[in-house]
Structure formats: structure tokens, C-alpha cells
Amino acid sequence: MRLEKDFTYKSGRIIGSMCNDPNPFARKVLARFLEKNLGDSGLFSATAELEKETIQMIGSLLSNEKASGHIITGGTEANILALWAAKKSAKKEKCEVIVPASAHCSFDKAGELLDIKIVRARLDSKFQVNTEALAKAITPNTIAVVGVAGTTGLGVVDPIAALSEIALDAGLYLHVDAAFGGFVLPFLRELEHDVPIFDFEAPGVCSITVDPHKMGLAPIPAGGILFRDERVKEFISWNVSYLAGGEAKHATIVGTRSGASVIAVWSLLRHLGREGYKQMIRRCMRLTWKLADEIPKIEGLEIMTKPTMNVIGLPSHTLSVKQIAHELRLKGWAVALFPRHIRIVAMPHIQRKHVDEFLEDLKTVAHNLRG
Ligand code: 0PR
């Protein structure tokens, strides 16, 4: 079969990705409703209602049931929409947005597309954005600041409460990229982990990216953008008057878009419930701790920082991380390679036996590279 050479999540070998093996129930739902198109919401008004309810459910996880937004193609579209809303609301000639040095490359894409200068503020020793450096980078052209709740490389949460104060003081739009962390932190909070304020609880937060197709267990495509209220979303709303279902509003980049994805997310949230997600996160965190305990015992290997969520950074002072990643790949493992570390993500498809096998192979690879 042509597709046999693809990696699969079931094999447990994809250990550096942020996507998941979609929940079986959600897969069935998705397959059943493929005709639904939310680009013409007048034809599919029941699906549009489910989208509103989905946003409310996710909003309630993020301390704001009044949130307004959409289930879209992914975190990249969400971040572009947020910066677009920020630009429309600021009405400035020249625009700059300050993002942490750790921010995802989708902000650079957004910068190019929207003609916004993206300014990266440096991180502190805990890999969080340095708030002083960020505040100093504000200029008369600044329209927004961004914080990340679950960085792509390390799963670190920026000090969102402090960013909220800075944004409110300077009259700036604050966007939080919780593409990954948005489906982790609310449950860690319920599991009584020490979770700092990262969501709409911080009064300056105007929008949040939160992706069901990452830790939400939904099938691709299912990203999420939540605005604090309808008013913020209005900045990027377009009236489309001629549709078969009658006039409709679009506040997304694409027109025609998957209603099935929305119904899949709606069903999944109700099917798993908070309890289901909580148990899933508990399992992921147990495996994360196992990895974080065992990796530093291997000579030459360390962990970058104590994991906040199920993401681990693996640097080495003595070995080349590029070579380690390459050797692991030869043994069938797919890890993510960053400039100074390897990223491992204990996604829900990773089981204890995969972790054990991975640690064995990692030991062998490190041993061989030490020579
Ligand atoms: N924001 C953050 C914090 C992200 O980590 C990502 C992607 C995005 C936005 C963009 O999301 P979309 O990819 O949905 O547009 N994070 C992962 C990464 O870049 C995406 C990923 C997923 C990569 C699966 C590899 C993979 O196998 O690492």
C-alpha cells in the first residue's frame, strides 16, 4: 500500500508531535457530516448553533462563557485572525506586534500577510518572556502584545497576568497563544497543579488561540480562536450577502469551511466531558514525569526545564542533539528538533510501553554517540 511508509500515532513512534490519534467517536461523527459548510451558515443554521455552543464550552474552560469565535483550520489561522483583529481595532498606519522569542512561526506568517512588523522579546532563564524587555520594546507603532500559554518548544507558560497589566496600561491588544496549552492548563488546574492565570481571567486578554486538534483529541482540521466578546470579533467580520442560505457573516480567513469539524468537536467535548479530559491529562503527565526522571540519568543528557505540561526539552552539553535526533529516527522514532534541544511530547497516544522502549533506545543512542 502506498501509504504504508507513513508514520502512525498508534505505533507510539510519533513522540515529538503536537497532534493526536483522533478519538474514535469523533472520527465517526466527522465522517457522518462531511456535507456541512459553515461558509454558508444560513443553510446549516443548526451546525452554526453547535459552533456557538462549542465556543461557549471552550470559553467556560478559559474563564469566559461570553467568548465569541470560531472553530477553524488550526493555530496558524487563529493567530493570523487575532493579529488581524488587533490591526483593525488599532487603526494605525504602521503596525508592530511584540511576541516572545519563543512564539510560533505562525506569527511571522501573520506579520508578512498583514504587513505588521513582528518584534521578538527575549526570554528569561525560565524560558518565559522577559516582561521588562517586552515593555521596553513598546513603541508608538505597537498595536499588540502576545503571550504564549504552552510554548511550541517547551510547553512553558508566559506570565500572562503581568502581560495583561502591561497591555492595559499601554492600551494595547493582548493575544494569548494557547494552541497547545488551552486543552491542558484548565485540567491541570482541576488536578490542583499550580497553574498561573493564563486565560480570560486576566482582564487585558482580548483573544486566545486554542486548538482542539492538538490536546483536544479532535481530528484535523480543528483550530480555535476565541475573542473576549462579539465586539472584538466584529473587527474582522464580513457580510456576505448573496449566499444560497441568505446573508451571512464571515470572521475567518477561508469562506467554505468544515461544519463536520465543528460537530466533531462539539460531540467530543460532551462525550469526554471535563472528567474525561482530566483523566487523559493525568495519564500524559505521569508519562511526562517518568521521562523527566529517567532522561537525566542517561550520561550526556539533561532536561531543559521542569515540565509544566506534557512537553519535555532534551538538550545536551556534550552530544549533538541533531545527531541524537538522527539516530533516533533511524530507530523509527519521530522527535522534533529545535536549535538547542529535542522536543518530546507525551501525547495521549503515547503509552507506558512506548516510553520504556523510547528510553531504552535513547540510552543506546547516547551510549554509541559517546563512543
Ligand atoms: N501556536 C503554537 C503554540 C503551536 O505550537 C502551533 C503548532 C501553532 C500555534 C500552529 O498551529 P497549527 O499547526 O495548527 O497551525 N504547534 C506544532 C509545532 O509547530 C504543530 C505540529 C503538530 C508540528 C504536529 C508537528 C506535528 O507533527 O510543533
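## Thr142 and its contact

Let's start with a polar contact: the backbone nitrogen of Thr139 sits 2.8 Å from a polar atom in the side chain of Thr142. Keep in mind that this is a predicted model. Thr142 belongs to strand β4, which covers residues 142-148. With a relative accessible area of 1%, Thr142 is buried, since anything under 20% counts that way.

## Around the ligand

Now for the ligand. The shell around it holds 16 residues, and Thr76, Thr152, Asp177, Lys214 and Arg343 come nearest. Sorted by type, the shell has three nonpolar, nine polar and four charged residues. Helix α3 (residues 75-90) is the top contributor, giving three residues to that shell.

A few polar pairs are worth a look on screen. A polar side-chain atom of Thr76 is 2.6 Å from a ligand oxygen. Gly75 takes part through its backbone, where a polar atom lies 3.0 Å from an oxygen atom of the ligand. Lys214 uses its side chain, with a polar atom 2.8 Å from a ligand oxygen.

## Strands β5 and β6

Strand β5 (residues 173-177) and β6 run parallel and are joined by four bridges. Within that pairing, Asp177 has Thr209 of β6 as its bridge partner.

How many residues of strand β6 are buried? Five of the five in β6 (residues 205-209) are, so the strand is largely enclosed by the rest of the structure.

Looking at one of the pairings in detail, β10 and strand β12 (residues 342-345) are antiparallel and share four bridges. As background, side chains in a regular strand alternate between the two faces of the sheet.

## Two helices with a buried face

Helix α1 spans residues 24-32, and its buried residues are Ala26, Val29 and Leu30. Look down the axis of α1 and those buried residues fall within an arc of 100 degrees, so they line one face of the helix. Over on the other side of α1, you'll find Pro24, Lys28, Ala31 and Arg32 exposed.

Val321, Ile324, Ala325 and Leu328 are its buried residues. Viewed down the axis of α10, they stay within an arc of 95 degrees, so they too line one face of their helix. The other side of α10 has Lys322 and Leu330 exposed.

Most residues other than glycine have a negative phi, and most peptide bonds are trans. Here are some spots that go the other way. The loop between β6 and β7 holds Leu217, whose phi is positive, near 70 degrees, although Leu217 is not a glycine. Is Leu217 buried or exposed? Its relative accessibility is 10%, so Leu217 counts as buried. Pro221 is also in the loop between β6 and β7 (223-227). The peptide bond that joins Ile220 and Pro221 is cis, with omega about 0 degrees.

Phe127 has a positive phi too, at about 65 degrees, and is not a glycine. You'll find Phe127 in the loop between β3 (116-121) and α5 (131-136). With a relative accessible area of 23%, Phe127 is partly exposed.

## One more loop residue

Last stop: Gly246, in the loop between β8 (238-240) and β9 (248-250). Gly246 has 24% relative accessibility, so it counts as partly exposed. For a sense of distance, the C-alpha atoms of Gly246 and Lys117 are separated by 38 Å, and the two residues are 129 residues apart along the chain.

Terms used. Residues numbered from 1 in each chain as written. Predicted model: local features only at pLDDT ≥ 70, side-chain atom pairs only at ≥ 80, totals over all residues. Heavy atoms only, no water. Near = heavy atom within 4 Å. Polar contact = N/O pair within 3.5 Å; in protein donor to acceptor, adjacent residues only side chain to side chain. Nonpolar A, V, L, I, M, F, W, Y, C, P; charged D, E, K, R; others polar. Pairing = 2+ DSSP bridges. Buried < 20%, exposed > 50% of the residue type's maximum accessible area, 1.4 Å probe, protein only. Arc of directions from axis to C-beta.
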